[in-house]
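Subject: Structure handover, charged side chains

Hello,

The structure is below, for you to open alongside this email. My notes on its charged side chains follow.

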Amino acid sequence: MSTLGVVASAEPCRDRAAWGTAGLRYTYLFKLLMLGESGTGKTSLLQRFERDEFNDDHLPTIGVDFVVKTCSLPNGDLVKLQIWDTAGQERYRTITASYYRGAHAAVIMYDPTRLDTLQHVQHWLSVVKANVRNDVMVVLVASRLDLKHTSEEFYGARTLPRDVERRLHKDDVAGPFEVSAKTGEGVARVFQSTIDKLVAREVAIRGSSQQQDKTERRVSLVKTPVKNSCCSS
């Protein structure tokens, strides 16, 4: 598994326009969605990944928030992530669904201390299927890993619904990953694994496209013999 490096100055770049003037040329551009019920830790996970910070008092996301993160691969290639943090409240779902188009991956989060959030995982899988491209990568993430040894509820919500289990076995869903935005444990692994798979998929697609272009060029260079026309009297 490759190791990602963050491309940034000493202070995190919060001005989105600044990335356009920084002169960074990315090799890959991926759009990620953060989905799940309200209060499952989507924003906390994103803040830990983006700025390596944790704020226990942040307000719930209203509508959609947007973050840009650029990471480097071991070979020097840059990966630019456009991460859309969506509100989990039902009243915002009509609004947030309009931002799903073109997503390469969807991170679905649940809170193991709240059984209802796990029961709604199947709903979010259906939302992804209905609104996002067929080849979207789905990543299942369980938050609050720091409560694993202190919360009885944590163990009560670890059994996945059968439909989700079946999709996991069919490789339609990656995970589940256990993370703690509070301590940072497991956070990098989620995004590193996601980026590795997206890059591998993109490399395969580009390789197939280049091979097809070469084949078409070879075909176009082959001279098609012209038959002589003749007339009989």
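Glu53 is partly exposed at 35% relative accessibility (buried is under 20% relative accessible area, exposed over 50%, partly exposed in between, with a 1.4 Å probe and protein chains only). Its partner in a salt bridge is Arg51, with the closest N and O atoms 3.2 Å apart; a salt bridge here is a side-chain nitrogen of Lys or Arg within 4 Å of a carboxyl oxygen of Asp or Glu. Arg51 is also partly exposed, at 23%. Glu50, Arg51 and Glu53 are linked in a network of salt bridges.

This is a predicted model: local features need pLDDT of at least 70, side-chain atom pairs count only at pLDDT 80 or more, and totals for chains, interfaces and linings use all residues. Residues are numbered from 1 along each chain as its sequence is written, and side-chain values use heavy atoms, leaving out hydrogens and water.

The whole structure has seven salt bridges. One of them joins Arg144 and Asp111, at 2.7 Å from N to O. These two residues are 33 apart in the chain and sit in loops. Arg144 is partly exposed at 36%, whereas Asp111 is buried at 1%.

Another pairs Glu202 with Arg206, at 3.1 Å between the closest N and O atoms. Glu202 is partly exposed, with a relative accessible area of 22%, and so is Arg206, at 32%.

Which buried residue has no salt bridge? That is Lys69, whose nearest side chain of opposite charge, Glu50, is 6.9 Å away (Lys and Arg count as positive, Asp and Glu as negative; His and the chain ends are not counted).

Regards

Methods:
Helices (H or I, at least four residues) and strands (E, at least two) are DSSP runs, numbered from the N terminus.
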